[in-house]
Amino acid sequence: MSSSPGRTRTRSRFAVLAAATLLVGSGLTVQASLPAAAAADTLRAAAAQAGLFFGVAASPGRLNATVSREFGQLTPENDMKPDTIANSSGGLQNTGNADTLVNYAQTNNMLVRGHTMVWHSQAGALQGQSQAVLNNFIGNALNRWGNRIAYWDVVNEALEDNNTGRRRNQWPHTMNRDANGDGDTFDAGDTDVIRDSFIRAKQVVQAGGLTTKLCINDYDVEGLTVQGGTPNRKANALYDIVRNYRQYIDCVGFQSHFNDNPNSIITDDLQANIQRFADLGVEVHITELDIDDDLSNNDIGAGQAANYRKVVRACLNVARCTGITVWGIADSESWRASERGLLFTGGNGNYQKKAAYTAVLDELNKGRGTSPSNPPSNPPSNPPSNEPSNPPSNPPSDPPTSTPPNPAGCTATVSLNSWTGGFVATVRVTAGSAPVSGWSVGMTLPSGATVTNAWNTNRSGNSGAVQFTNVGHNGRIAAGQSAEFGFQGTGSAGSLTPTCTATA
Ligand code: XIL
């Protein structure tokens, strides 16, 4: 949903040992075997048990007991935007409210998401300034709070409305675009404010030894499709940006202001879209969640609580979806109060839980998914999005390589996204003509390549011959169906030839 003018707008628990992969905050990956936990009675505790954060947007005037009790993460709703904290040379000013929020989060053991640096709206004194000024601001903002900020939205809302798949055409996206003077909208030779802002941010993070993760955030990018099954070109354009500039981008935010706008509804392929970004190796976050209660019509789907459940489940079912943030506490205090899109009624610290709250808590308490209601599918082929398909700093994805068809056992296919010095591999395991109850995929990495991280699999070895086996939830595959796992590595993956062995 836009801030732009003119837009309309039972508990079941798995009594099993759960293998949890925590990717939240501070750059650490922690793998642990946890006993099934008792149901938690706050959103933050239930989310933490499932290995993600559940947060809220707030300003200093809203910091009451509900915030620290229910939420494990805080996003300043307005107090870290350039119109508050930036001067015209990219220096900082008026950081008092931002400091108050960061201090509160630290005292209450909450993560902070910095929001936001490079944005067409609420740009204040940065409006119309150069990349050099933006770079100065990026450095100042990152260094001001350092590791007290776990995630920063470096670029916000870079893409145009109405599912065009194009970038916006107002500042800052106009900056030096057509550097080669060929008069086109955008090509790989042009200066790119998105790329250059992320390059600057990454340099600052590396120079300071920070663990802060750098995110790109947008709205109407949540589904693979929009209403009516039309491909979501805006989501595809964002995907191209993240893939092309993967070496600078650590995380992707889906704002998730869901409402009756045809491009802002909750589609059944939300989870598959989260999954395809996660497969690039980035963390995915639901960053500004509110869901129109839709009393007027049902375009968005019936029932606010059910809709909340759907969104939370889609995130829980993707291991790299590591956080959900609602855009305010109570309906009356929301930026879109008339949509009654949040989890509480009441106001001024005196809040009542809605049915949507209970649904979210219950869904979080069920934990990470074992049987997605909407299994990940292959993304539709992307229509042209005006994104450079072949940027200079990043070679295109390599074509998949696969083992020959295997009538009974299983086959494995590897898709690679590579960049200078690293890669992410997505491996699809497909059962043959009979179901399998477990699988093992082997492949030999070229010398110099090392696996640094893997998800939805157990692995033995990090270099040379590496073996990947199923985890609890993806061993069983019906005949002809598939499961996916992934891993990230340093060095060059070359062309990988997987072998697949199945357990009947
Ligand atoms: C909104 C705030 O909630 C409002 O208080 C403010 O008046 C306008 O901005 N996308 C974003 C957020 O990234 O920063 C916006 O927040 C909502 C849309």
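## Loop residues with positive phi

Asp220 sits in the loop between E7 and H7. Helices (H or I, at least four residues) and strands (E, at least two) are DSSP runs, numbered from the N terminus. This is a predicted model, in which local features need pLDDT of at least 70, side-chain atom pairs count only at pLDDT 80 or more, and totals for chains, interfaces and linings use all residues. Residues are numbered from 1 along each chain as its sequence is written, and side-chain values use heavy atoms, with hydrogens and water left out.

Most residues other than glycine have a negative phi, and most peptide bonds are trans. Asp220 has a positive phi, near 60°. Its relative accessibility is 4%, so Asp220 counts as buried. The cut-offs are under 20% relative accessible area for buried, over 50% for exposed, and in between for partly exposed (1.4 Å probe, protein chains only). Gln122 also has a positive phi, near 45°. Gln122 lies in the loop between E5 and H5. At 28% relative accessibility, Gln122 is classed as partly exposed.

## Cis peptide bonds

Two cis bonds deserve a look. One joins His115 and Thr116, with omega about 5°. Thr116 belongs to strand E5. Another joins Trp171 and Pro172, again with omega about 5°. Pro172 is in the loop between E6 and H6.

## Helices H5 and H6

H5 covers residues 131-145. Its 15 residues should span 21 Å at 1.5 Å a residue, and its end C-alpha atoms are 22 Å apart, which agrees. The expected span is 1.5 Å times one less than the number of residues. The buried residues of H5 are Gln131, Val133, Leu134, Asn135, Phe137, Ile138, Gly139, Ala141, Leu142 and Trp145. Their cover includes helix H3 (82-85), helix H4 (96-107), E5, E6, H6 and E7. Gly146 follows H5 and has a positive phi, near 50°.

H6 runs over residues 193-208. For its 16 residues, 1.5 Å each predicts a span of 22 Å; the end C-alpha atoms are 22 Å apart, which agrees. Buried in H6 are Val193, Ile194, Arg195, Asp196, Ser197, Phe198, Ala201, Lys202, Val204 and Val205. These buried residues pack against strand E5 (111-118), helix H5, strand E6 (151-156), strand E7 (213-218) and helix H7 (233-244). Contact means heavy atoms within 4.5 Å.

Two packed helices are described by the angle between their axes and the distance between the axes. Axes are lines fitted to C-alpha atoms, for helices over the stretch in contact, and angles run from 0 to 180 degrees between N-to-C directions. Helix H8 (residues 270-278) and helix H9 (residues 304-316) have axes that come within 9 Å and cross at roughly 30°. H8 and H9 are therefore roughly parallel. The classes are roughly parallel under 35 degrees, roughly antiparallel over 145, roughly perpendicular from 65 to 115, and oblique for the rest. The H8 and H9 crossing is right-handed. A crossing is right-handed if the near helix is turned clockwise from the far one by less than a right angle, and left-handed if anticlockwise. Leu270, Gln271 and Ile274 in H8 touch Val311, Ala314 and Cys315 in H9. This contact of H8 with H9 holds 5 nonpolar residues, 1 polar and no charged. Ala, Val, Leu, Ile, Met, Phe, Trp, Tyr, Cys and Pro count as nonpolar; Asp, Glu, Lys and Arg as charged; the others, Gly among them, as polar.

H9 also packs on helix H10 (residues 355-366), at an angle of about 25° and with axes 8 Å apart. That makes H9 roughly parallel to H10. The crossing of H9 and H10 is right-handed. From H9 come Gln304, Ala305, Tyr308, Arg309, Val312, Arg313 and Leu316; they meet Ala355, Ala356, Ala359, Val360, Asp362, Glu363, Leu364 and Lys366 in H10. The contact of H9 with H10 has 9 nonpolar, 1 polar and 5 charged residues.

Ala125 lies in the loop between E5 and H5. At 31% relative accessibility, Ala125 counts as partly exposed. Ala125 and Thr84 are 41 residues apart in sequence, and 9.0 Å apart C-alpha to C-alpha. Neighbours within four places in sequence aside, Ala125 is in contact with Ala86, Asn87 and Ser88.

Ser447 is in the loop between strand E17 (438-444) and strand E18 (450-455). At 78% relative accessibility, Ser447 counts as exposed. Ser447 and Ser492 are 45 residues apart in sequence and 8.6 Å apart in space, C-alpha to C-alpha.
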